[in-house]
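The sequence and structure come first.

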Amino acid sequence: MENTSYIAISRQAALWRQLEAVSNNLANVNTPAFKGERLMFREYLVETASPESRRGQPLSFVQDFGMFRDMRDGPLTKTDNPLDLAIDGEGYFVVETPDGLRYTRNGHFRLDETGMLVDSEGYALMQAGDLPIIVAPNETAIEIAKDGTVSSENGPIGRIRVVRFDNDQQLRKIAGGVYDTELIPADMDAPRVVQGMVEESNVQPVTELTNMIAIMRHYEGVQKLLDNDNDRQLKAFDVLSQPAKA
């Protein structure tokens with residue numbers, strides 16, 4: 001296989017992974033607080049040798065070397081459910097999982113059978129001191145202030161812990177819209193918690209569909225180049241395999 005084909009295949013492989021990222025974004029259009037993801041590409045040069053020089057013209061390949069997350073806020077949708085919460089601006093809720101404390105912006109919470117405030121995965125929402133928030137059976141009027149203070153008709157219950165990170169891109173996404181990281185979180189003194197609303201995905205379907213069409217066209221263009229290059233090689237073999245004329 002010649003260098004043209006190698007370079008074209010590197011581009012095609014990168015386009016395929018880019019298509020997977022776009023498809024994942026579209027699949028999560030309705031996932032609360034989902035953040036769209038984009039692949040990052042760079043030129044990868046490979047030195048070549050020639051009979052005239054130890055170093056020939058370098059070959060330029062396409063390499064995807066990482067993925068970044070679009071951290072812009074998604075739109076806030078009113079639900080009128082007093083246990084639905086959204087964070088306006090930066091910050092993450094802290095939940096306790098079987099593997100330890102984790103972080104999320106998905107604020108669709110509920111009370112479990114013990115009166116503990118949990119997320120959609122059943123993970124307990126943490127308050128200051130990393131303690132769960134428990135609502136007594138006789139408490140029905142739940143109010144949550146902007147700073148995360150949870151109160152009922154009987155008075156304050158606790159204050160939801162909201163944290164931030166210096167680099168959100170280092171958070172690793174795991175199941176259920178929950179993130180893990182080795183970074184040390186910083187507690188936010190003045191978060192903006194909104195009651196009765198949830199943050200929607202920040203993915204824009206029309207933009208992603210446009211990206212998907214463009215990627216598929218580029219992929220087909222590279223495939224056409226590969227097919228033409230293969231035809232060229234076959235024709236060259238046919239010519240070279242002909243017996244020499246006397």
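Is F165 buried or exposed? F165 is buried, because its relative accessible area is 2%, where buried means under 20%, exposed over 50% and partly exposed in between, with a 1.4 Å probe and protein chains only. The model is predicted: local features need pLDDT of at least 70, side-chain atom pairs count only at pLDDT 80 or more, and totals for chains, interfaces and linings use all residues. Residues are numbered from 1 along each chain as its sequence is written, and side-chain values use heavy atoms, with hydrogens and water left out.

**Aromatic pairs**

- Searching the whole structure gives four aromatic pairs; rings of Phe, Tyr and Trp (its six-membered ring) pair if their centres lie within 6.5 Å, and planes under 30 degrees apart count as stacked, over 60 as edge-to-face and the rest as tilted.
- One of them is F93 with F109, an edge-to-face pair at 5.2 Å centre to centre and 90° between the planes.
- F93 sits in strand β5 (residues 92-97) and F109 in the loop between β6 and β7 (110-111), so this pair ties together parts that are 16 residues apart in sequence. Strands here are DSSP runs (E, at least two residues), numbered from the N terminus.
- Both F93 and F109 are buried.
- Y103 and F165 are edge-to-face, because their ring centres are 5.0 Å apart and their planes stand at 80°.
- Y103 belongs to strand β6 and F165 to the loop between β14 (162-164) and β15 (172-174), so the pair ties together parts that are 62 residues apart in sequence.
- Y103 has a relative accessible area of 7%, so Y103 is buried.
- A cluster of Y92, Y103, F165 and Y179 is linked by ring pairs.

**T104**

- T104 is part of strand β6 (residues 100-104).
- With 1% relative accessibility, T104 counts as buried.
- The T104 side chain reaches the backbone oxygen of G177 at 2.9 Å.
- Leaving out residues up to four places away in sequence, T104 touches Y92, F93, V95, G177 and V178; contact means heavy atoms within 4.5 Å.

**Strands β12 and β13**

- Strand β12 (residues 149-152) pairs with strand β13 (residues 155-159) in the antiparallel sense over four bridges; two strands pair if DSSP finds at least two bridges between them.
- Within this pairing, T149 stands opposite R159 in β13.
- The hairpin that joins β12 to β13 runs through two residues.

Notes. Polar contact = N/O pair within 3.5 Å; in protein donor to acceptor, adjacent residues only side chain to side chain.
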